[in-house]
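Some labels used for a protein model rest on cut-offs. The questions below ask how such labels are reached.

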Amino acid sequence: MAGDSISQREITRRQLLAGGAGRVGRPIIGGVAGSALAPKSSTGTASGSRGSVKVVGIFPTGGSIASDGKEMANGVKMAVDEINGRGGLVGYHLDYVEIDDKDSSTDQITTAFNRAVSVEKADVIFSGYHLASGPEFDIVANAGALYYNVNTQIAWVQRYKGNPSKYWGIFQCDPTESWYGQGFAYWVDGALNAGLLNSRVKTCSIISGKSAYGTVIATGFETQIKQLGWSVLTNDGVSEGAVPDWGPVLSKVKQARPTVLFTSDFSPADDAAMAKAWAASPTKTLVYQQYGPSVPEYLNLAGPAANGIVWATVLGLLPDKIGNDFRSRYQTKFGAQPGWANAGGCYDEVNVWAAAVAMSGDPKNYKAVAKATESVIWRGTTGSISFVDHTGVQFPAQTADASIGQPHIIVQIQDGVQKVVSPTPFTSGTFVLPTWMR
């Protein structure tokens with residue numbers, strides 16, 4: 001399926017906005033039209049005419065990934081505030097509580113989610129991702145609660161498919177990490193074949209993050225790139241967030257001189273340090289980093305060394321009207337531009353839930369809301385969110401229909417500016433050969 005659908009397809013704006021309207025039972029609710037979910041009101045009210053809904057956000061805002069955790073928290077808070085500012089949701093005011101799970105270790109996740117269900121009595125829980133993700137699912141399922149996240153994990157799909165009757169109230173509002181590796185493999189193979197890399201030699205090196213997440217991504221890339229006729233010259237691993245010196249592992253790559261270096265360490269600090277180490281003595285190799293450059297701190301840390309780097313995310317804040325309107329409102333509210341992933345992703349997941357509540361009519365009827373969520377197609381800041389196995393759908397590899405999928409955006413940093421170079425029609429620039437490859 002991926003091999004047939006990954007090729008670039010021209011989709012007009014009219015087709016994108018109109019697509020999917022004929023899908024029976026799958027109402028499309030657009031991000032621009034999201035205000036229709038609640039009546040307009042000049043001021044928010046302390047409580048709705050029908051009462052209040054307890055909304056709990058759980059984010060790693062006080063630990064090692066606090067910069068990303070703050071993005072998550074801001075996205076959820078912004079969506080909640082906007083809904084309350086419109087007068088609430090189907091007559092209910094949203095009462096919001098935020099919980100910090102710090103480094104999101106197993107114990108910290110367990111404590112945070114137990115508090116959410118047992119102490120806060122959450123009607124719905126929102127989060128981005130958690131480093132030790134796992135214990136929260138059974139806590140939520142056993143409590144019969146609703147939980148929306150952007151964990152980006154194939155492990156969640158396997159868990160859900162193994163027992164859908166238990167995990168009926170949990171939704172991963174983005175595609176899994178399994179699409180990263182194969183998606184980039186197709187893109188870079190196409191770029192080489194089109195003459196964009198100034199090389200015809202199909203060789204690559206891999207530096208994998210040692211987490212389950214990083215391993216899935218690197219393995220997916222290795223499998224797909226080999227099927228496309230490439231040779232892997234070197235393959236090493238690093239522990240995300242704990243790379244003291246990139247010199248030794250990069251020296252192997254520089255000696256091998258591959259056409260492409262693929263890395264799956266998601267830490268923005270690690271990736272920035274790697275970019276600096278690479279820029280100090282580069283070879284004619286295209287460098288791919290996974291996710292880390294999407295976080296605002298990356299550019300601040302990497303500086304000019306980031307120029308030419310290519311990265312990607314399956315949860316990308318798009319450079320279109322919906323995405324840019326969100327950027328503008330976020331800037332006004334928080335005094336800074338959002339990053340390229342979790343702020344928009346977490347904002348979207350709240351609106352997915354709100355759309356399902358509007359369809360079901362009762363936020364307290366959790367099973368009805370969950371059933372409605374399965375039918376929602378929400379055109380948000382990260383693309384069109386629909387669900388298969390309670391997980392978002394990736395465009396263009398998993399589906400060729402952009403009206404029901406979230407784009408796997410491939411981005412290049414050019415003169416300190418993030419330029420989306422794939423897929424059409426979500427691009428904001430074109431790929432430029434890095435200076436060190438010319």
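Q: Why is Gln 153 called buried?
A: This is a predicted model, and in it Gln 153 has a relative accessible area of 17%. Buried means under 20%, so Gln 153 is buried.

Q: Where does Gln 153 lie, and which residues is Gln 153 in contact with, leaving aside its neighbours within four places in sequence?
A: Gln 153 is in the loop between strand E5 (147-149) and helix H6 (154-162). Its contacts beyond those neighbours are Ser 133, Gln 172, Thr 176 and Glu 177.

Q: What makes the pair Arg 329 and Glu 82 a salt bridge?
A: The closest N and O atoms of the two residues are 2.8 Å apart. The cut-off is 4 Å between a side-chain nitrogen of Lys or Arg and a carboxyl oxygen of Asp or Glu, so the pair counts as a salt bridge.

Q: Which parts does the pair of Arg 329 and Glu 82 tie together?
A: Arg 329 belongs to helix H12 (residues 321-334) and Glu 82 to helix H3, so the bridge ties together parts 247 residues apart in sequence.

Q: What makes Lys 321 exposed and Asp 325 partly exposed?
A: Exposed means over 50%. Lys 321 has a relative accessible area of 56%, so it is exposed. Asp 325 stands at 31%, so it counts as partly exposed.

Q: Why is the pair Glu 374 and Lys 371 called a salt bridge?
A: The N to O distance between their side chains is 3.7 Å. That is within 4 Å, so the pair meets the definition. Lys 371 is exposed at 57%, while Glu 374 is partly exposed at 27%.

Q: How many salt bridges does a search of the whole structure find?
A: The search finds 14.

Q: How is the packing of H3 and H13 described?
A: Two packed helices are described by the angle between their axes and the distance between the axes. For helix H3 (residues 66-85) and helix H13 (residues 342-360), the angle is about 35° and the axes are 7 Å apart. The crossing is right-handed.

How values were computed. Residues are numbered from 1 along each chain as its sequence is written. This is a predicted model: local features need pLDDT of at least 70, side-chain atom pairs count only at pLDDT 80 or more; totals for chains, interfaces and linings use all residues. Side-chain values use heavy atoms; hydrogens and water are left out. Axes are lines fitted to C-alpha atoms, for helices over the stretch in contact, and angles run from 0 to 180 degrees between N-to-C directions. Helices (H or I, at least four residues) and strands (E, at least two) are DSSP runs, numbered from the N terminus. A crossing is left-handed if the near helix is turned anticlockwise from the far one by less than a right angle, and right-handed if clockwise. Buried means under 20% relative accessible area, exposed over 50%, partly exposed in between (1.4 Å probe, protein chains only). Contact means heavy atoms within 4.5 Å.
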